[in-house]
Amino acid sequence: MIKNLFVSLFILVTTVGFSQEKATLNGYIKDAENGEELIGVTVYIPQLKAGAITNAYGFYSITVPVGTYEVQFSYVGYKFQSVTKELSGNVAFNVELQNEATVIQEIVISDKRIDENVVSLQMSKNTLDLNRVRKLPALFGEIDIIKNIQMLPGVITAGEGTSSFYVRGGSADQNLILNDEAPIYDPSHLFGLFSVFNADVIKDSELYKGGIPARFGGRLSSILEVRTKDGNNKNLNVAGGIGTMASRIMVEGPITKEKSSFIVSARRSYVDLFLKAANEDNLVHFYDINAKINWKTNNKNRFFVAFYAGRDVFNFSDEFGFAWGNITGTFRWNHLFNDRLFSNTSVIVSNFDYKLELEDPVQGFQWLSNLQELSVKNDLSYFISTNHELAFGYHLTGRRFSPGRISPNTSGSIFSEVELQHMYALDHAFYISDQYRLTDRLTVDYGFRLSIFQNVGKSDVYLYEDPQDNININRTDTLHYGAWKNIKTYVNIEPRAALRYIISDEQSAKISYNRMVQNTHLIAAGTVPVPFNTWNPSGYYLEPQLADQVAVGYFQNFKDNMYEFSAEAYYKDIKNVTDFADNADIFFNEDLSTEFRQGKAWSYGIELMLNKTRGKLTGSVGYTLSKAMRKVPGVNLDKSFVANYDRRHVVNIQAAYDMSSRWTLGATFTYSTGRPITLPTGKFEYQNYHPDVISERNGYRLPAFHRLDLSATYTPAKNANRRWKGQWVFSVYNAYNRQNPFTIYTRITKNDDGDVIGDGNTKEARMIYLFPILPSITYNFKF
């Protein structure tokens, strides 16, 4: 009903005023070798100086006056194609582009036009070129898009030990990470040595730091959208890699040639197998599986089913262990209502969980926690003309929060089964955006997103004499809500706007504004993101977080688009940012709401980026100058303080050099100001007890973080008569063995033998380091 109303309304509104007879050319553009739809192909009609670009599903639609035209199809790394089409009526025309060159893993392409840095309306967006990424150093030979995202201006690594990242002064939980539209709540494997994304199956990945399109919502700082390959619908292919810590395999091929296809990949680490063979009790491993099938019934209907499952397992001496993982599934239906109206409908399921377990006859227990989602989305695009495109849709998401259940795992355990109550939420969103090319130089995109969030039962809400008193907790009443009964509703309008003005063929200026709303709140005890955190919905005591961001930028290309330069400045203001009282108790706390504190945050910065895209030497240099602050009533004596993720200066350098047709050298270097941290500044004595005197919140900083990684890739000479293709990758992580601090803790002063020095009242600070120099060798293959 809602979909039909949207369709009818916008067809009625946007067809008014079309007096000249029009014709529409539309279709899908694919890779001629494997049948994969190509994203971002330019379709251009020189006579009209107008064109279109294929969407995320490889579809294009261009409406022009009736006539005969030359139509050009161009894409970086593919052969230019031009055809003459007589358009006396609507015409469906699918195109297959031939690639110009291939390497072992994939076609040498970048899913963007060569001058996109200048002409694209979108700013604060980065699209990763996987071919270029493959030339750069990779830890243990595993290509990791997360680690490459952390090298972008405005993006800061959360540190070694995690794959989480911070964007423009926002915390890690303010990033929405999507894998085939399904949310990933923790992107780490083996505490950040690997990420959940297997590069063998990745088709496209985009990071939005600002100017975020209206179809996205739910997080304040960024959107990372990753799409996986659909599978080769022409030939059976196998690819994989054997590394020092993990191996992977990928198989893809047609089910019905050029109609349906599949792709399956699996990856597993095997450190635990080596340790087990050496009779070690401490065992760790991870695995993940990707699978996808798609089929086309006709040119108007296409269906996709995607699945992901990944898990990490740590066991220590058969006594203590923990595990976490993500499971997602996506069903997607692409439907063409008519020549100009394209629809994508998705049904998405997601589950994130973690488990802690202690094996002990007396104190044995098992802790379980999870967060489950079910979403239905309908996104529509209406191609009015070559200058005008509408996007609109409706999203509905239901969430079930299970913060924790403790149960005994032995008959003699002192623990009894206890479970914190579940929480439920419904999240509705309506959005519309209009991209309009006003002149050849000026293009605007404007719209809004209407967010309606409901915290619903079944649930009990405790009332307190003072909801902010987390010391002397005094409950005064309990409100009981039955299943699906509304507890609290929040309605927010999220305006979005972007403008691009082309100064010349090589220069442009852009400006954007977006408001984002977040209704899921991370309940975290530490400053470093770890998977053992729980989430809460907005509700009786937690209000939605709101962020307003303005960004301006200047973009210029040099030497026939060989060099790309960008300079962006931003300011972000956040209301109702979630924090916790000083010395908060968030571990299995039924009165957790008394620990909540909400205030404001703000951040601003300048981002500079220079890319070299062609030649034997390619790479980039990025610099970010930024500041991130918070002020939360009830925290840090109500004074403002530096946010945990503030890094004043960040420098990132990437380079790849093609020595010959067989050898490629790669290097990456990163530097950032040390992370803020809270430390004790002294102590006092009270009845023979010596508690610490804590400094102001984040009053100290860890030493600066910096690291150099190196790689060399050897590709043997190609044999045209042989399908097997191999490649060796030699990498060195942390080449000069920098001891980057993971965190600092305090303890009673001891000597090298572990004996207490003095009266035991003196404390010392100790740093924890994670990764020394780590060399690796990986063999990649494809046939």
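This is a predicted model: local features need pLDDT of at least 70, side-chain atom pairs count only at pLDDT 80 or more; totals for chains, interfaces and linings use all residues.

Reader: Start with the five strands. In what order do they form the sheet?

Author: The order is β9-β16-β17-β12-β13. The sheet is open, and its pairing is mixed.

Reader: Which are the edge strands?

Author: β9 and β13 (182-183). Each pairs on one side only.

Reader: How many bridges for β12 and β13?

Author: Two bridges, in the antiparallel sense. Strand β12 covers residues 175-179. Asn179 has Ala182 in β13 as its bridge partner.

Reader: Buried or exposed?

Author: Asn126 counts as buried because its relative accessible area is 19%, and the cut-off for buried is under 20%.

Reader: What does Asn126 touch?

Author: Leu152, Ser205, Glu206, Leu207 and Lys209, leaving out residues up to four places away in sequence. With Lys209 there is also a side-chain polar contact of 3.5 Å.

Reader: New topic. What about the sheet that four strands form?

Author: That one is open and antiparallel, in the order β3-β2-β5-β6. Its edge strands are β3 (50-53) and β6 (81-87). Neighbouring strands there are turned by 25° against each other on average, direction ignored.

Reader: And how many bridges join β2 to β5?

Author: Three, with β2 (residues 42-45) and β5 (residues 67-74) running antiparallel. Thr42, for one, has Ser74 in β5 as its bridge partner.

Note on methods: Residues are numbered from 1 along each chain as its sequence is written. Side-chain values use heavy atoms; hydrogens and water are left out. Buried means under 20% relative accessible area, exposed over 50%, partly exposed in between (1.4 Å probe, protein chains only). A polar contact is a pair of N or O atoms within 3.5 Å; within protein, one must be able to donate a hydrogen and the other to accept it, and residues adjacent in sequence count only if both atoms are side-chain atoms. Contact means heavy atoms within 4.5 Å. Two strands pair if DSSP finds at least two bridges between them. Axes are lines fitted to C-alpha atoms, for helices over the stretch in contact, and angles run from 0 to 180 degrees between N-to-C directions.
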